[in-house]
Amino acid sequence: MAGKITASEWPPMHRINWDEFPRDNMAKLNLSRTTFLTKDELDTGWTKVQQNLYYAPAVFYLTIPKNSSNWSIYDLGAFSQTLMLAATDIGLGSMVAYEFVKYPDEIRQVLPIPEKEAIAVGIAVGYEAENHINNFKSERLSLDKVLQIFD
């Protein structure tokens, strides 16, 4: 709210520089998710929801040594997915969002995360609200659009 520019440890790429498929996919996602906002969110704006970290009661922060190979990022992603599936298994919802990691200096003021670790992923965890963003289901492409099998 103070107008501070974000400074995540893995700088984001502006959407205009994304490849066509992910750029178009995100544009469709942003348009369709507004139907899942609560009246308060529509009245106060999506930004307030983001600034309040989606009102999540807990956030998991996953870090990775800054001096890691790109293959370690794959491992972190696999761990993130498994953590989210485990949360689902015990009745909790979860959500990954850039909003959770875009101010690492402020996170380190609260959590004892060493400077040698990159704050890579933030995962909100809690009970899902009814008729909320948690219930949003995005369109899926047909399998032949995302998978090619060669003999």
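Hi everyone, let me start with a pair of charges: Glu115 forms a salt bridge with Arg108, and their closest N and O atoms are 3.6 Å apart. At 14% relative accessibility, Arg108 counts as buried, because the cut-off for that is under 20%. Before I go on, please keep in mind that this is a predicted model.

So what else belongs to this group of charges? Salt bridges with shared partners join Lys66, Arg108 and Glu115 into one network. The other link is between Lys66 and Glu115, where the closest N and O atoms are 3.8 Å apart. Lys66 sits in the loop between β1 and α4, while Glu115 sits in the loop between α5 and β3, so this pair ties together parts that are 49 residues apart in sequence. Lys66 itself is partly exposed, with a relative accessible area of 45%.

Back to Arg108 for a moment. You will find Arg108 in helix α5, residues 104-110. Which residues does Arg108 touch, not counting those up to four places away in sequence? The list is Glu9, Lys66, Ile113, Pro114, Glu115, Glu117, Ala118 and Ile119.

A search of the whole structure finds 3 salt bridges. One of them pairs Lys102 with Glu99, with the closest N and O atoms 3.2 Å apart. Both Lys102 and Glu99 are buried.

Now let me step back to the overall layout. The protein has 6 helices and 3 strands, and from the N terminus the elements run α-α-α-β-α-β-α-β-α. Of its 151 residues, 25% are buried. If we take contacts between residues at least 6 apart in sequence, 72% join residues at least 24 apart.

The largest nonpolar core has 11 residues, including Leu62, Ile64, Leu76, Met84, Val121 and Ile123. At least two residues of this core come from each of β1, α4 and β3, and β3 gives the most, with 5 residues. Apart from this core lies another one, of 7 residues, among them Ala97, Phe100, Ile113 and Ile119.

Leu92 is a member of the largest core too. Leaving aside neighbours within four places in sequence, Leu92 is in contact with Ala87, Val125, Gly126 and Tyr127.

Finally, the outside. The accessible surface comes to about 11,200 Å², and 58% of that belongs to carbon and sulfur atoms. There is a nonpolar patch on the surface formed by Phe21, Leu141, Leu143, Val146, Leu147 and Ile149, with about 630 Å² of accessible area together. Phe21 lies in helix α1, residues 20-33, and is partly exposed, at 47% relative accessible area.

Definitions and conventions:
Residues numbered from 1 in each chain as written. Predicted model: local features only at pLDDT ≥ 70, side-chain atom pairs only at ≥ 80, totals over all residues. Heavy atoms only, no water. Patch = residues over 30% accessible without salt bridge, like charges linked within 9 Å, V, L, I, M, F, W, Y side chains within 5 Å. Areas by Shrake-Rupley, 256 points an atom, 1.4 Å probe, with all protein chains shown as cover. Salt bridge = Lys/Arg side-chain N within 4 Å of Asp/Glu carboxyl O. Helix = DSSP H or I, 4+ residues; strand = E, 2+ residues; numbered from the N terminus. Buried < 20%, exposed > 50% of the residue type's maximum accessible area, 1.4 Å probe, protein only. Core = buried A, V, L, I, M, F, W, Y, C linked by side-chain atoms within 4.5 Å. Contact = heavy atoms within 4.5 Å.
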